[in-house]
Amino acid sequence: MSAAPTAVIDPFLRDALFARIADRRDELIALTQALIRIPTINPPGDVYADCAALIGRRLAARGFQVEYVRAHGSAGDSDRFPRTNVIARIEGPRPGPCVHFNGHIDVVPPGQGWTVDPFAGVVKDGRVYGRGACDMKGGIAASIIAVESLLDAGLLTAGALEISGTVDEESGGFGGVGHLAKLGYFSKPRVDHVIIPEPLNVDRVCVGHRGVWWAEIETKGRVAHGSMPFLGNCAVRHMGAVLHRIEEELIPRLSEKRTDMPVVPEGARQSTININAIHGGQREDHDGLPSPMVPDRCRMVIDRRYLIEEDPDAVRGEIVAILDDLRQRRPGFDYDLREILAFLPTMTDADAPVVLAVAAAIETVLGRPAQRVVSPGTYDQKHIVRIGHLKDCIAYGPGILDLAHQPDEYVGIDDMVQSAKVMALATLALLAGRAGG
Ligand SMILES: [Zn+2]
């Protein structure tokens with residue numbers, strides 16, 4: 001099925017396509033800036049409709065059919081913060097496969113530590129700076145320029161191209177790709193291949209992600225006067241016992257669970273747990289002094305990331321076993337466990353068409369072999385695979401993974417141009433039904 005990487009397209013046509021993309025460098029920068037300047041901060045999910053409209057208007061002018069789909073009633077959706085997604089589609093003159101580029105338009109809050117305005121789209125030293133530059137408005141801009149360049153070159157002779165801008169990826173994607181997948185937007189026969197331009201670096205094909213299990217553990221106690229703690233039952237000390245067991249038993253055990261998934265960075269090539277939050281006793285946001293109380297509740301949120309080799313029930317079972325054992329051994333210990341979020345690990349086959357097409361295109365454009373990787377955290381591929389039942393899905397985009405969610409986030413302009421060439425070339429191969437190039 002795979003020919004030489006350059007066989008899909010006449011080298012002269014290919015070089016003309018690449019030149020076309022290179023010529024649009026300034027336009028690519030301007031589009032990235034325009035996207036960054038719409039501060040689609042999540043939470044709360046601000047100005048999503050403005051960003052969706054920017055993408056929709058642009059593609060409608062190019063002959064795309066554009067739909068706006070609001071996820072009414074999804075978490076956070078309101079008239080003030082509507083969860084508005086945009087999907088644009090253009091068909092070639094003959095039937096054929098559909099290649100879809102999906103990017104999330106939401107960004108995480110800027111946080112502290114910036115040396116430039118996070119929503120100005122500052123261009124400096126060959127980079128575009130801003131919240132979302134890397135994750136993932138630079139990737140969205142690159143995919144739009146790639147697709148427009150294909151159209152300009154008259155290379156959509158069969159099949160269809162789609163571009164979507166979706167919401168809420170940073171908070172689970174339920175009002176975005178999850179919602180659209182339920183409506184059939186990410187299933188055959190409508191779509192055959194999906195590329196998500198998440199920031200996994202310009203020379204890597206990301207085939208999937210580890211699993212996620214978030215849970216809240218609550219330990220229970222009984223209030224009493226702080227001067228006579230022996231008359232109460234301290235929920236914070238109980239949680240301390242839970243933490244101790246996690247520290248002494250679970251974390252060493254998790255670090256021994258290695259995976260064959262090619263997860264990057266290397267540190268994530270094992271099972272991990274993070275303590276996201278812990279709170280017990282009185283609130284901290286009061287004025288004046290606290291009152292002397294034994295806390296009767298302590299809550300902790302854990303973020304467990306697991307491997308394709310692990311059983312999701314066993315992941316939960318490890319925590320339950322610790323809690324149940326403490327209930328046996330520790331006087332007055334009781335707990336509640338509440339699952340907050342769960343996503344199974346996913347990994348696209350190494351020889352799936354979209355993997356081969358993008359890997360071949362990377363080799364052609366960058367002159368070096370593509371690295372196949374798995375993401376440490378999840379992204380919208382989970383909804384496409386689980387709800388849409390579409391397996392031919394990867395992440396590929398220009399941003400540098402480590403910069404996501406950091407202050408002074410940026411995307412390299414050369415990387416955007418190169419990735420646009422990769423996306424265009426891979427799309428041609430997929431439209432032609434020749435995955436390997
Ligand atoms: Zn992202």
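Contact here asks that the C-beta atoms of two residues, placed from the backbone, lie within 7 Å. Helices (H or I, at least four residues) and strands (E, at least two) are DSSP runs, numbered from the N terminus.

Before we go on, a word about the model: it is predicted, so local features need pLDDT of at least 70 and side-chain atom pairs count only at pLDDT 80 or more, while totals for chains, interfaces and linings use all residues. Residues are numbered from 1 along each chain as its sequence is written.

Let us stay with α2 for a moment. Its buried residues are L28, I29, L31, T32, L35 and I36; a residue is buried if 20 or more other C-beta atoms lie within 10 Å of its own, with C-beta atoms placed from the backbone. They cover an arc of only 165° around the axis, so they sit on the same side of α2; the arc is that of the directions from the helix axis to the C-beta atoms. An α-helix has 3.6 residues a turn, so residues three or four places apart point the same way. The length of α2 (residues 25-36) also agrees with expectation, because its 12 residues should span 16 Å at 1.5 Å a residue and its end C-alpha atoms are 17 Å apart. That expected span is 1.5 Å times one less than the number of residues.

Helix α4 is itself mostly covered, with 18 of its 20 residues buried. Just after α4 comes G154, with a positive phi of about 70°.

Stepping back, the protein chain holds 10 helices and 16 strands. Of its 437 residues, 48% count as buried. Among contacts with a separation of 6 or more, 81% join residues 24 or more positions apart.

The chain is divided into domain 1 (11-209 + 345-431) and domain 2 (211-343), with bounds from an automatic or database domain assignment. Their centres, taken over C-alpha atoms, are 36 Å apart. Where they meet, 10 residues of domain 1 are in contact with 14 residues of domain 2. On the domain 1 side, strand β14 (residues 371-375) gives the largest share, 3 residues.

How values were computed. Buried ≥ 20, exposed ≤ 12 C-beta atoms within 10 Å, placed from the backbone.
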